[in-house]
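Take a moment with the sequence and the fold before reading on.

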Amino acid sequence: MKTIIAEKPSVAKEIAHIVGAYKREEGYMQGNGYYVTWAFGHLVQPAMPETYGMKGFHAENLPVIPDPFVLVPRQVKTENGYKPDAGVLAQIKIIGKLFDSSERIIVATDAGREGELIFRYLYAYLGCRKPFDRLWISSLTDTAIREGLLNLRDGKEYDNLYHAAKARSEADWLVGINGTQALTIAAGRGTYSVGRVQTPTLGMVCERYWEHKRFESKPFWQVHIGVVDADSGNILKFTSANRWADKGTATDIYNKVKDTGSAIITKVATKRKVEKAPLLYDLTTLQKEANSQHGFTAEHTLSIAQKLYEAKFITYPRTSSRYISDDVFATLPKLFKNLENHSEYGEKVKLLSGSEDYCKNSVNAAKVTDHHALLITENAAIGLFKDEKIVYDMILCRMIEAFSADCIKDITSVTAQVDHDVEFGISGSIIRHTGWRALSLKEKNNRQDKDADATDNEVKDQVIPNWQEGQHITLSGCTITEGKTKPKPLHTESTLLAAMETAGKEIEDDTMRQAMKDSGIGTPATRAAIIETLLKREYMVRQQKKLVPTEKGLALHSVVKNMAIANVEMTGKWEAELAKIERGEASADGFTHSIEGYTREITAELLGCDRLFSHKDSGCQCPKCKQGTMQFFGKVVRCSNKECGMPVFKQVAGKLLTDGDITELLTKGKTRTLNGFTSKQSKSFSAAIAFDENFNTKFVFAERKTAEKRGNVKRYKK
């Protein structure tokens with residue numbers, strides 16, 4: 001007998017069907033010489049510090065550096081500490097018996113770093129020594145599974161993948177456990193969670209928030225002239241090359257131009273621009289575009305992609321590559337042929353007449369990692385819900401775009417002068433060959449977005465008349481407009497994913513971003529979970545599409561921002577080192593040794609930052625428990641009673657409350673009306689702050705006694 005182990009029951013069911021294991025047993029399927037069983041994600045994990053005899057948070061126990069790490073069945077948190085999950089224990093017992101009674105094991109967990117670790121941790125925990133092979137496939141179609149089973153690989157070929165996964169797991173344990181305990185001990189109150197990736201990510205959100213908040217917007221003025229196109233009758237608008245910070249100067253220029261009434265063309269330049277077809281999607285790019293185009297969270301997009309994968313409609317979603325190999329490329333003509341009758345995209349597919357005409361920007365075997373870029377499969381996607389169809393169509397559309405012809409444009413720039421003094425410019429483009437940009441919804445959405453957000457400096461799709469240098473043109477009108485300098489916008493999930501991908505470096509070019517992927521922080525498979533962790537721990541919140549740090553998140557960042565734990569570049573280097581381990585170019589032992597040193601460094605730093613949590617007594621009794629006294633910390637006022645610990649954050653809706661404001665709130669239950677709050681719509685307002693019945697803070701407005709219409713101020717709990 002052979003045992004096939006999948007990552008989850010649904011995948012095991014598909015494989016069992018292929019190998020003929022139809023008999024259902026408790027925790028597995030059986031038949032035709034196979035047992036087919038499953039995990040539920042990680043059944044085994046590194047033990048918590050209690051297993052090493054270290055209960056509670058005590059500075060003398062830190063840093064905790066297990067040697068070796070102990071593996072235990074997955075645990076759940078209870079009132080009495082962590083306990084093994086009963087369902088997990090039962091499944092581990094079943095799998096152990098199947099392994100013992102098998103001559104060989106086939107590993108069919110997800111073909112990636114975490115999938116490998118799920119099996120290897122279980123294999124090590126059971127003390128199993130049976131030989132194992134690897135099923136390595138990029139889709140769950142019947143064809144892919146059959147081919148994979150015919151081409152099983154020796155499990156030892158994936159030892160480096162396992163070493164990288166294990167090193168990542170232990171590094172996150174070391175940094176997360178020690179960092180969290182050290183900072184919590186230093187704080188003296190509450191629990192402050194930190195992590196190897198989550199803390200630098202929070203730092204990027206907070207830094208962008210402060211950059212946005214502290215930005216001083218300055219007004220400027222520009223002058224515009226209108227010229228009638230004699231052929232079309234349209235009015236074309238030139239914009240002044242300069243913009244003036246002084247309204248008086250701009251007004252003088254405006255009057256001068258208006259009085260002159262004509263301009264002379266001084267320069268006409270036309271250049272051809274070739275826009276290459278975009279690369280195929282990897283997971284991060286799919287998540288970014290789903291967020292910017294449809295408002296999907298990264299986690300939601302990943303969840304949908306996983307469902308589509310398990311339904312056999314798309315290939316493996318947790319990929320970090322945007323390329324395919326030549327053998328995969330060879331299968332595309334048949335795939336596109338099947339799409340020619342597609343109700344929405346069939347006509348576009350027909351333009352791809354044959355593989356010799358396909359654009360091959362996305363074909364490069366050397367740039368394919370564990371899995372190739374996202375593709376649809378040959379299976380017709382039927383019965384999809386709305387969001388599932390959106391994500392599926394995005395992948396389908398990108399496939400057609402990626403293999404379509406280049407888009408070719410002629411861009412014309414014209415410069416004109418009024419009275420040989422004031423310079424104006426206009427640019428326009430004519431599409432000579434639409435190519436990949438002819439494709440349906442995505443391009444239409446992009447054009448609508450560009451039209452809505454267009455500035456005078458952008459090249460618009462408009463025909464520029466055949467003007468010649470030295471030609472005089474008559475002005476049809478003249479206007480002056482006021483603008484304001486703008487800060488960088490707050491991070492959205494799309495921009496944060498991009499920042500994580502490039503370790504905070506702003507890179508527009510697709511190819512350059514792809515080259516940076518090994519130096520980013522997190523991986524395509526984990527970035528969504530990192531964002532959700534920061535939201536769950538109330539370090540930031542979603543406001544429409546924007547990610548806004550909470551008072552709790554800003555308080556944490558203010559403490560650790562100059563420490564190693566928040567260093568984005570260092571975290572990026574760790575990710576690059578893990579990628580090298582995976583490729584067999586670096587030693588896992590060397591990485592682990594470095595992480596242990598890093599852990600000692602951050603633990604000492606965090607334990608030593610108790611001075612940043614210094615506090616003073618407010619002299620006010622806690623209004624909630626009536627036992628402790630309220631103490632002023634840097635960004636928070638907290639009850640001294642450990643059983644209570646009620647916090648009042650000093651920063652509310654963009655305003656920092658004074659000690660006097662806080663004292664008034666604590667003693668009277670309400671402040672006077674205060675000015676300077678900022679709403680979610682970025683509008684200023686005035687209100688009093690008061691406690692509700694649960695001692696959460698809320699706004700009280702002069703015209704009403706409740707804040708039902710304007711919303712409450714959320715008090716962030718541990």
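Helices (H or I, at least four residues) and strands (E, at least two) are DSSP runs, numbered from the N terminus. This is a predicted model, in which local features need pLDDT of at least 70, side-chain atom pairs count only at pLDDT 80 or more, and totals for chains, interfaces and linings use all residues. Residues are numbered from 1 along each chain as its sequence is written, and side-chain values use heavy atoms, with hydrogens and water left out.

Start with Ser193. Ser193 sits in the loop between helix H5 (159-187) and helix H6 (198-214). Its relative accessible area is 11%, so Ser193 is buried. Buried means under 20% relative accessible area, exposed means over 50%, and partly exposed is in between (1.4 Å probe, protein chains only).

What does the side chain of Ser193 make a polar contact with? The partner is the side chain of Arg537, at 2.7 Å. A polar contact is a pair of N or O atoms within 3.5 Å; within protein, one must be able to donate a hydrogen and the other to accept it, and residues adjacent in sequence count only if both atoms are side-chain atoms. Contact in general means heavy atoms within 4.5 Å. Leaving aside neighbours within four places in sequence, Ser193 is in contact with Thr180, Gln198, Arg537, Tyr539 and Leu556.

Now turn to charge. Side chains of opposite charge can pair when their charged atoms come close. A salt bridge is a side-chain nitrogen of Lys or Arg within 4 Å of a carboxyl oxygen of Asp or Glu. The whole structure holds 34 salt bridges.

One of them joins Asp133 and Arg104, with the closest N and O atoms 2.6 Å apart. Asp133 lies in strand S10 (residues 132-134) and Arg104 in strand S9 (residues 104-108), so the pair ties together parts 29 residues apart in sequence. Asp133 is buried, at 12% relative accessibility. Arg104 is partly exposed, at 26%.

Another salt bridge links Asp419 to Lys256, the closest N and O atoms being 3.7 Å apart. Asp419 lies in the loop between strand S15 (407-418) and strand S16 (422-433), and Lys256 in helix H7 (residues 247-260), so the pair ties together parts 163 residues apart in sequence. Asp419 counts as partly exposed at 44% relative accessibility. Lys256 counts as partly exposed at 29%.

Asp406 and Lys276 also meet in a salt bridge (3.6 Å, N to O). Finally, salt bridges with shared partners join Glu114, Arg168, Asp172, Arg196 and Glu575 into one network.
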